[in-house]
Amino acid sequence: MAKLKHLPVCSLLLAVLLLALSSFSAGGNSSVSASAGPLYGIEFPPYNTAVADAGCDGRLVAEEAELARRAPSLKLNMTRRSADTAGTGSFVLDSAKKDAARIGTMHGRRAAPSGAARRKGSRPRRALSERVVATVASGVAVGSGEYLVDVYVGTPPRRFRMIMDTGSDLNWLQCAPCLDCFHQTGPVFDPAASTSYRNVTCGDSRCGLVSPPESPAASTGRKCRKPRSDPCPYYYWYGDQSNTTGDLALEAFTVNLTGAAAGSTRRVDGVAFGCGHRNRGLFHGAAGLLGLGRGPLSFASQLRGVYGGHAFSYCLVEHGSAAGSKIIFGHDDALLAHPRLNYTAFAPAAADAADTFYYVQLKSVLVGGEAVNVPSDTWGGAKDGSGGTIIDSGTTLSYFPEPAYRAIRQAFIDRMSPSYPLIAGFPVLSPCYNVSGAGKIEVPELSLVFADGAAWEFPAENYFIRLEPEGVMCLAVLGTPRSGMSIIGNYQQQNFHVLYDLERNRLGFAPRRCAEV
């Protein structure tokens, strides 16, 4: 008897499906409006609520003795843009199209050593004793399948909404003068308006961590004639028509603290980021991107000395939720005490590959409690260059190599109740079912089993998308025909607290109501 799970009757928003689907093709820029609900980034204390518009004084309140007393931790709030149910179909299609372009880029990047892989290390920082926290929100309301983090940048600090991405390293913002930019909700970052902004020069060792612009069409074509004064130009790409070009720079980021110094803010000077003057792609009104990959330029790596460097975690609210949740830099005591916290080891990447991604070693997939018949070599491995499995917050749906996807899809078809008619020819996603008029819907269970024996069991709403008001329900999994990689996307991570424990080289995951974290 196949194991079944209940799918909530509430809509999971067709928007999520369509956003994922749009990732399959190059798309143009879309105009978006601001989110209807409040979206919070780094939380500032009540005494300083005007900071989002006018700046703050970056108070340094913790004493040195208290700083040394315990391991540091930093917390940021995440917001997920809620969506209007009208037009949600196009949202899912857009997501899948963008995912497809992103996967192609990730496949190419993993095979090429990056500057980060060649030249490791960053300047040490004095560790804080508290956590840094930021708010994370859903991006569905503006047609995005990603999650957004509000970050405060510059002096005085200004709030910018950035896409949270564990699959890339570079932090960047659209910058004035914006010579060729996508639509952004709110003003772009203006270096001239910040007293703490300064360029990284082309002779600085950090300039070797970024790729230079490849052609005059993508940049101004500057060369390093004066190593001690000329800016460091960069070029970073994500997929078809998704890229950023500009100058590598240093700036102050203001963060919120929790713990003994809860309610206070801390200014972190000299954070490297890309000041993008030419930016293209499907970024859906965001100001830029906050990279959380393993490379030295990522936000997580640069703040490692500030929050202790041992771990960071996030908890993603469901797609379409108006609530926000948090990303936490440092250990979270509530998560570590969770009775259902499970771990699997991070898998090593190939020695000559870029060190951006977080790999895990997948062993099998269970549908209805039974292992799907997939040859073991289908899963490959990151180390031998044959594939591997990546945990990624920037990809919406989850993806498996085409042979595995076909077997998973067939396993669901074989085990699904005949009460739900199969819909033939539904665009992109398969299988899809007609569930109009159905009350409590039961679907086969889905679990991922890792090489070390750990298993990640998902609730039905994390792998089936309920499309309303059409009464259609589809499996939120797709194949990667041109890549051996598997990707665990953010749709399957909804309402799980996901821990990146870099000290013990492991991934943790525990079910939680993320809006309450």
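Let's start with a disulfide that joins Cys207 to Cys232, with an S to S distance of 2.1 Å; a disulfide here is a pair of cysteine sulfur atoms within 2.5 Å. The bridge between Cys207 and Cys232 is right-handed, with 90° about the S-S bond. It ties together distant parts of the chain, 25 residues apart: Cys207 sits in the loop between β7 and β8, and Cys232 in strand β8. Strands (E, at least two residues) are DSSP runs, numbered from the N terminus. Cys207 and Cys232 are both buried, meaning under 20% relative accessible area, while exposed is over 50% and partly exposed lies in between (1.4 Å probe, protein chains only).

Before going on, note that this is a predicted model, where local features need pLDDT of at least 70, side-chain atom pairs count only at pLDDT 80 or more, and totals for chains, interfaces and linings use all residues. Residues are numbered from 1 along each chain as its sequence is written, and side-chain values use heavy atoms, with hydrogens and water left out.

Next comes the link of Cys202 and Cys224, with sulfurs 2.0 Å apart. Both cysteines lie in the loop between β7 (198–199) and β8 (232–239), 22 residues apart. Cys202 is buried at 14% relative accessible area, whereas Cys224 is partly exposed at 40%.

Now for Cys315 and Cys514, joined at an S to S distance of 2.0 Å. This one is left-handed, with -70° about the S-S bond. It spans 199 residues, from Cys315 in strand β12 (residues 311–315) to Cys514 in the segment after β30 (506–511). Cys315 and Cys514 are both buried.

The count comes to six disulfides.

Definitions and conventions
Helices (H or I, at least four residues) and strands (E, at least two) are DSSP runs, numbered from the N terminus.
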